[in-house]
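Here's a walk through one protein model, taken a piece at a time. Keep the 3D view open and click along as you read.

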Amino acid sequence: MINNDTICALATAQGGALGIIRVSGPKAFDTVSHICSLNCANIVANTVHYTHIVSPENEIVDEVLVSIFHAPHSYTSEDSVEISCHASRYILNKVLELLITNGCRMANPGEFTQRAYFNGKIDLSQAEAVADLISSTNRASHRIAMSQLRGGISTELATLRNKLLKLTSLLELELDFSDHEELEFADRNELLELTNTIKEHINRLAHSFKIGQALKNGIPVAIVGKTNVGKSTLLNAILNDNRAIVSDIHGTTRDTIEESIDINGVQFRFIDTAGLRQTKDEIEQIGIDRTLKKINEAQIIIWLLDSIPDNNELDEIKTLTKGKDCLFVHNKADLIDTESFKPYISPLTLISAKAGTGIEQLKEQIYKTSHLQNLSGNEVIVTNARHYDALLRAQESIQYVLNGLQQNLSGDLLSEDLRQTLDILAEITGGKITPQETLNNIFKNFCVGK
């Protein structure tokens, strides 16, 4: 049903010099031929041609370039045409109006990519990667989206699927010949080893979601310390912008301020927080409570110091940074005796936020602390919450298989859990029939021209 009509939409953002209108479907060539001087059906595929868009009144609407794509060698696997024209609102609307008058309809959000999925051009995980690629804001998020679009997750899941099918086949073969007691098709130790391998593979993919979310949304870095140690000044120095108010008055920052920058192709979200101290000011206390929340959410903490910490601050540092990557930074490099700090805080990074010294070195230290430099370019990282949810359910399902093998349960019970694991993993790529409601929920977030 989805491929019976021909759709059109603007595939570029408004406001540029040029606009591209995309047409796809069984009547794409005929429809475009009606509004220009070309006979699109007889044109060689993958070629670009100059022509005029002409109204029914023989008025030239625009001079355009028309790109021809024959099925199945197009984005949607259908006959497709892309019209490149000048991007005035009048021209774009007029061309779309002419296309609709001659048999097209306006595409729904994500419908071009949805057709590519239904026509077998891409799987569901690759379709979702298109949206991630469009919204990528840095090299890291672009690389992950590109890897997924090129089938990175699909390949990983295909490997898992083959292992699961091997396990299922061994068990079901055993069931088929269960009345032949003299035959043994599956050694339980071998099955245990294979199941553990599959479980570890699923766990690795699931655990990568935390890194994936950080790369996709930015790694949160909280700047923490006592009042008036220079946290806002440091944020401004890192951003190279006067984003936060700086004052000598204690307790100036009463709420969190958050800004992002790119370091070595990775987005980091820096959070300036209210200074930590005992206070009777209700408003300031709200800011301090928010600081504690941001510390809990942060992946990296910059603990800013301007003097040797007392025992209370040392206890606070130990409590609040437990389980976190923490960088200890002294903000007055010209006034510090490094040796006097060593019994209390080590290692210590020296900067002067006011003078701007040591800031670039601190950025490099932050990047190294993220451990992202250890990621290989070919490593598959999960960024999609839907995929993560499926992997968690697959973890639970494969654990049932493992428990069953250890308890020496019958093959029919194990086989059922294995099939469930296969079905769950198939949800990620769409290899299993997925309810239309789920598909619509995925594609509704696309822009109209995709």
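What follows is a short tour of some helices, charged pairs and a surface patch. One thing to keep in mind from the start: this is a predicted model.

Let's begin with helix α3, which covers residues 111-118. How many of its eight residues are buried? Seven of them are, so you'd call this helix mostly covered. The buried set is E111, F112, T113, Q114, R115, A116 and Y117. Just past the end of α3, look for G120, which takes a positive phi of about 80 degrees.

Now stay with R115. Side chains of opposite charge can pair when their charged atoms come close. Here, the side chain of R115 meets that of D5 in a salt bridge, at 2.7 Å from N to O. This pair ties together distant parts of the chain: D5 sits in the segment before β1 (6-10), while R115 is in helix α3, 110 residues away.

Across the whole structure, a search turns up 14 salt bridges. A couple of others are worth a click. In helix α12 (residues 359-369), E360 and K363 lie three residues apart, about one turn of the helix. Their closest N and O atoms are 3.4 Å apart, and they form a salt bridge. E360 is exposed because its relative accessible area is 52%, while K363 is buried at 15%.

R393 and D389 form a salt bridge, with 3.2 Å between the closest N and O atoms. They're four residues apart in α13, again about one turn of the helix. Both are partly exposed, R393 at 29% relative accessibility and D389 at 40%. Elsewhere, salt bridges with shared partners join D5, E78, R105, E111 and R115 into one network.

While you're at α13 (residues 385-406), look across to helix α14 (residues 411-429): their axes come within 9 Å and cross at roughly 165 degrees.

Finally, turn to the surface. V48, Y50 and L65 make up a nonpolar patch there, with about 300 Å² of accessible area together. V48 belongs to strand β3 (residues 47-54), and it counts as exposed because its relative accessibility is 52%.

Terms used:
Residues are numbered from 1 along each chain as its sequence is written. This is a predicted model: local features need pLDDT of at least 70, side-chain atom pairs count only at pLDDT 80 or more; totals for chains, interfaces and linings use all residues. Side-chain values use heavy atoms; hydrogens and water are left out. Patches are made of residues with over 30% relative accessible area and no salt bridge: like charges are joined within 9 Å, nonpolar side chains (Val, Leu, Ile, Met, Phe, Trp, Tyr) within 5 Å. Accessible areas come from the Shrake-Rupley method with a 1.4 Å probe; for residues, only the protein chains shown count as cover. A salt bridge is a side-chain nitrogen of Lys or Arg within 4 Å of a carboxyl oxygen of Asp or Glu. Helices (H or I, at least four residues) and strands (E, at least two) are DSSP runs, numbered from the N terminus. Buried means under 20% relative accessible area, exposed over 50%, partly exposed in between (1.4 Å probe, protein chains only). Axes are lines fitted to C-alpha atoms, for helices over the stretch in contact, and angles run from 0 to 180 degrees between N-to-C directions.
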